[in-house]
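Dear colleague,

I am passing on the structure we talked about, and below it you will find my notes on what I found. Please read them with the model open beside you.

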Amino acid sequence: METKRFTEHDIKEAAAALRLGNLVSFPTETVYGLGANALSETAVKQVYAVKGRPSDNPLIVHVSDKEMLEKYVDTLPKQAEELINHFWPGPLTLIVPMKKGTFSSTVTGGLNTVAFRMPDNALTLELIKEAGLPLVGPSANTSGKPSPTTAEHVLHDLKGKIAGVLDGGSAEIGVESTVLDLTDSSSEPTILRPGAVTKEALEKVIGNVRIDQHLLSEKETPKAPGMKYKHYSPEVPVWIVQNTPEDWNKAIKWAADQKLKAGIFAGKEILQLFDGPLIEGYSFGMNTVEQAAKQLFSGLRALDETDVELIFAPAFPETGLGEAYMNRLKKAANQKYFKN
Ligand code: TXA
Ligand code: MG
């Protein structure tokens, strides 16, 4: 199949492909999604087939506005109303009760709830409107690989397998949306996946919010290495390094002693300190968690294309956006920290 690179001028054509049940990748402020008609079970099944991922995971339904969402929910929880007013369009996914008979279990994973999000990207909002359909949109990568943050990443993984990708440039945030569950009446709203809309930001609007610690625990030992907790991973191993010049120095020296070529994903202030034939650097610019999060997947992909034998990436404090960044990095690193 020829995979087209759609631009802002081709939105009608891209929308027509979606209406026919074909797959079109779309840009968002977080990562690129693999779009398909959420109301067509055949189309959604194709998404799993193309990604090469088992179909037991519920998917996020992307809408162009609140009116579209209201077609698929009986009564919207009050907190959802407030959060939508505050954060949509934006990187916040809300899990709400589903209206019976709307989405198939291929979308919901057999649950009676459904996750909705309105992405903050003008081209994609136009695409959804033009298609007139809610779209599922898991990240548009081959299962297990780092999520795509450019159209090139999508083509690298899925060229020949999908109808097209709508090119919207680089994703601004770089890590997937915050997923917030509003359906458990016995507990506070619960963050199931940390993202750029932080716990603190949510609490300013709706009061107490809980984070599902199970997803975040630092000490948790993977039961089967390389299986459950390893996601977003390049081919070569990733190690987390404490982000001080001393710790970087130890890690880089250790790799050099082993004669291993090391990929260094770091801020430019750090990269300036190191050089040599056994180093391949990828600078994410200023040494901030915002920059690191924005380029994490891109950096892992780029370093993986070189001849490095391992990748070092920095830890940031697990607060604010650091929660989301560390959640993804720990999965990429299979929880491994470099310790001298
Ligand atoms: O930023 C994003 O959210 C990206 C971009 C493309 O929009 N999309 C994305 O979609 O990451 P997806 O479908 O891969 O996200 C699925 C996540 C999973 O962690 C899943 O467990 C959770 O959303 N989820 C979806 N529906 C759920 C439900 N009914 N109950 C609990 N979790 C749900
Ligand atoms: Mg994904």
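In this predicted model, a nitrogen atom of ligand 1 lies 2.9 Å from an N or O atom in the side chain of T113. On the oxygen side of the contacts, a polar side-chain atom of T30 is 2.7 Å from an oxygen atom of ligand 1, and an N or O atom in the side chain of R117 is 2.9 Å from an oxygen atom of ligand 1. Taken alone, ligand 1 exposes 680 Å², and the protein buries 88% of that.

The shell around ligand 1 holds 20 residues, of which T30, H62, R117, S177 and R193 come nearest. Sorted by class, there are 11 nonpolar, 6 polar and 3 charged residues in this shell. Two or more residues come from each of strand 4 (60-62), strand 6 (113-117) and strand 10 (190-193), and strand 6 gives the largest share, with 3 residues.

I also looked at helix 11, which covers residues 289-304.

With best wishes

How values were computed: Residues numbered from 1 in each chain as written. Chains lettered and ligands numbered in written order. Predicted model: local features only at pLDDT ≥ 70, side-chain atom pairs only at ≥ 80, totals over all residues. Heavy atoms only, no water. Near = heavy atom within 4 Å. Polar contact = N/O pair within 3.5 Å; in protein donor to acceptor, adjacent residues only side chain to side chain. Areas by Shrake-Rupley, 256 points an atom, 1.4 Å probe, with all protein chains shown as cover. Helix = DSSP H or I, 4+ residues; strand = E, 2+ residues; numbered from the N terminus. Nonpolar A, V, L, I, M, F, W, Y, C, P; charged D, E, K, R; others polar. Expected span 1.5 Å × (residues − 1).
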